[in-house]
Amino acid sequence: MLFLTRLKVMLKRKSTLFWVLLFPILLASAEYFAFGKFIHSTPIETISIGFIEEDTPKLLQTIFKEAQIDENKKLYEIKVYKDIELARVGLEEQEIDHFLYEQDGQIKVVAKSNGTELMITESIIDQSKQIEHTIQEAYQRYEELVLQGENPQPVDVLKIIENLTMENSYFKDLSTKKTATFYTFYFYSLLAMSCLYAALFGVSIIQDIRADRSNLGIRISSSVVSKGKLLLSYFAASCLLQAISATIICIYLKYILKIGLGGNLGLIFLTLILGGISGIAIGMLIGTFVKGSEAKVQGIVTAITLSLSCLAGLMAVDVKHIVDKYVPFVNYINPASLISNSLYALYYYDTYSSYLIFTSILACFSILALGIVIFKMRGEKYASL
């Protein structure tokens, strides 16, 4: 009874429903028409990359030369420059998309802007460390067999590189067989934002239960109904409404706008539900500690939600890359980043390890926030009502 009554009350709050359901749909539509044909374009074309002749490891050069989009198409068109200044000129004149060199044992990449091409290059650089380690192990094993008097096959460096790059799912998943593109990142962040807007539900829960926040709270506190039972009913109703909203938004993106979100809809919905719970928990947490009218608290929640979504790449994917580069820990405490990264990992990786890490952190965050709220409200009493 309490659950159904709460649902009816929430459905009458049109401003909250607008932000949780209609605003994400309107924003998604605006982004879709702004990006236009680029959303469904082929995700990878040959990338022009520059090497500094004396400052790029030979193994890394070989890896980039061997990388392919498919059997008949190289992933990279390589240009070699004598020094960094000449490479910078080539970058300015758009001869290359970016260039790389080694400095103090680290590979540096210089580009005008972030994008899918840069992400692929950085992925290959990370992969090169694995390849280098594998080659070292192969040589070590070869020497051991020689010392044992055996006659092993010589180490085939090119074969090792070919095998490891072919196993790299990053290139497979970005082929034309899948519909996700660079612009899909925006829609992942938008889905994360829609989940965090459920914080408005959380604010209304606290405002309606606490006697020092509203007249309804006074009546509830004076009633014989258990506050714990009320809190659970209100929370469950909010979760259901958020799940319905997330489902509608997801279906709109996938089947109306035809955004490539991935095929595992079950885990996508699970992620959005977990994200919605975290959003509700954030709203309850802020509502518990921030005093004032519901409009004031909702304004604060909206500002925080937009800020977290911005850091997750909603306004510009470049922001997300900057955060990854300079303050990576932020993405592990930002619920919006955890949601978008979960969706990203679910789509691009063959295993679920990264997905499970992000969703587990998100679940722990929600439990912690709810735990703080319950602890703060437990046994709360008022001098007068």
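These legends walk through several close-up views of a predicted model. Residues are numbered from 1 along each chain as its sequence is written. Because this is a predicted model, local features need pLDDT of at least 70 and side-chain atom pairs count only at pLDDT 80 or more, while totals for chains, interfaces and linings use all residues; side-chain values use heavy atoms, without hydrogens and water.

**View 1. Helices α8 and α12 pack against each other.** Here α8 (residues 184-196) meets α12 (residues 265-289) at an angle of about 45°, and their axes are 7 Å apart. Helices are DSSP runs of H or I with at least four residues, numbered from the N terminus. Axes are lines fitted to C-alpha atoms over the stretch in contact, and angles run from 0 to 180 degrees between N-to-C directions. The two helices are therefore oblique to each other, the term for angles that are not under 35 degrees (roughly parallel), over 145 (roughly antiparallel) or 65 to 115 (roughly perpendicular). On the α8 side, look for L191, C195 and L196; α12 brings L272, G275, G276, S278, G279 and I282. Contact means heavy atoms within 4.5 Å.

**View 2. T184 sits in helix α8.** With a relative accessible area of 3%, T184 is buried; buried means under 20%, exposed over 50% and partly exposed in between, using a 1.4 Å probe and protein chains only. Beyond its neighbours within four places in sequence, T184 touches I259, G260 and L261. T184 and Y344 are 160 residues apart in sequence, yet 9.0 Å apart in space, C-alpha to C-alpha.

**View 3. W19 and F23 form a tilted aromatic pair.** Their ring centres are 5.0 Å apart, with 55° between the planes. Rings of Phe, Tyr and Trp (its six-membered ring) pair if their centres lie within 6.5 Å; planes under 30 degrees apart are stacked, over 60 edge-to-face and the rest tilted. Both residues lie in helix α2 (residues 14-35), four residues apart, or about one turn of the helix. W19 is partly exposed, at 31% relative accessible area. Together with F18 and Y197, W19 and F23 form one aromatic cluster.

**View 4. Y32 and F33 form an edge-to-face pair.** The centres are 5.4 Å apart and the planes 80° apart. F33 counts as exposed, at 64% relative accessibility.

**View 5. R6 lies over the face of Y234.** R6 is 4.2 Å from the ring centre. A charge sits over a ring if NZ of Lys or CZ of Arg is within 6 Å of the ring centre and within 35 degrees of the ring normal.
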